[in-house]
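I opened this entry to record what I looked up, contact by contact. The notes follow the order in which I went through the model.

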Amino acid sequence: MSNHNKTLGLDKSLYDYLLSVSLREPEILTQLRQETAQQPMAIMQIAPDQGQFLALLVKLIGAKKTLDIGVFTGYSSLVVALALPPDGKVIACDVDEEYTAIARRYWQKAGVADKISLHIAPALTTLEKLIADKQAETFDFAFIDADKSNYDNYYELALQLVRPGGLIAIDNVLWSGRVANPQDQDNRTNKIRAFNQKLHQDQRITLSMVAIADGLTLAMKN
Ligand code: CA
């Protein structure tokens, strides 16, 4: 008897099927994904079905002002910017000039460059500045997908910056399955484990961990 209340581990053929009946990736995002696949750090790019899910969430909550913490080549900023209304805004944080140059090129090409404001600086600095600039509780949505050792710091600052009812999405929380292997005592694995445990107990948020791509935690600020 098959077990219908357990999340499926998708093999390639089932994942391809899922994409074939649901992915509506705009051409510009497909091009960006293909160009990024040539980069040595291509694994840092989010999955297209995950991008589409983020776009749906952004529309669902009627987001206008969003944070993208960890830009890389700009896929998540772009997918969110395309989902935002014309007066929407993405504050994008990254330290890498080279990868974000690719991002900027695609944002221009997609006609949403004016919606995205890129801050080349440590994201902690940018987020602290936004708080000092009295922008706490003015954001609707935040996507965290940057260095794992700072996840808790990004989360705490994002929690100050989003409004009640606003949403924080955090990527890579299942960490290729390594979080479930007690033998894996890698520093980043331990950081993600501790982070997941903390959010499980955190009464400031409404929580769901979604087994999409490498694991995506959704935390709505209460
Ligand atoms: Ca990621």
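**Polar contacts of Thr36**

I began with the side chain of Thr36, which makes a polar contact with the side chain of Thr73 at 2.7 Å. By polar contact I mean a pair of N or O atoms within 3.5 Å; within protein, one must be able to donate a hydrogen and the other to accept it, and residues adjacent in sequence count only if both atoms are side-chain atoms. The side chain of Thr36 also makes a polar contact with the side chain of Gln45, at 3.4 Å. I located Thr36 in helix H2, residues 27–36 (helices, H or I, of at least four residues and strands, E, of at least two are DSSP runs, numbered from the N terminus). Thr36 is buried, with a relative accessible area of 0% (buried means under 20%, exposed over 50%, partly exposed in between, with a 1.4 Å probe and protein chains only).

**Basis of the entries**

The model is predicted: local features need pLDDT of at least 70 and side-chain atom pairs count only at pLDDT 80 or more, while totals for chains, interfaces and linings use all residues. Residues are numbered from 1 along each chain as its sequence is written, and side-chain values use heavy atoms, with hydrogens and water left out.

**Aromatic rings**

How many aromatic pairs does a search of the whole structure find? I noted three (rings of Phe, Tyr and Trp, the last by its six-membered ring, pair if their centres lie within 6.5 Å; planes under 30 degrees apart count as stacked, over 60 as edge-to-face and the rest as tilted). One of them joins Tyr151 and Phe195 edge-to-face, at 5.7 Å centre to centre and 70 degrees between the planes. Tyr151 lies in helix H7 (residues 151–161) and Phe195 in helix H8 (residues 187–201), so this pair ties together parts that are 44 residues apart in sequence. Tyr151 is buried at 1% relative accessible area, and Phe195 is buried at 3%. Tyr155 and Phe195 form an edge-to-face pair as well, with 5.5 Å between centres and 85 degrees between the planes.

Separately, I found Lys65 over the face of Phe139, at 4.5 Å from the ring centre (the criterion is NZ of Lys or CZ of Arg within 6 Å of the ring centre and within 35 degrees of the ring normal).

**Salt bridges**

I recorded 13 salt bridges in the structure (a side-chain nitrogen of Lys or Arg within 4 Å of a carboxyl oxygen of Asp or Glu). Lys198 and Glu156 meet in one of 2.5 Å, N to O. Lys198 lies in helix H8 and Glu156 in helix H7, so the pair ties together parts that are 42 residues apart in sequence. Lys198 is partly exposed at 28% relative accessible area, as is Glu156 at 24%. A network of salt bridges links Asp152, Glu156, Lys198, Asp202 and Arg204.

I then turned to Lys221 and Glu137, whose side chains meet in a salt bridge of 2.8 Å, N to O. Lys221 is in strand E7 (residues 216–221) and Glu137 in the loop between helix H6 (123–132) and strand E4 (139–144), 84 residues apart. Is Lys221 buried or exposed? Lys221 is buried, with a relative accessible area of 10%, whereas Glu137 counts as partly exposed at 43%.
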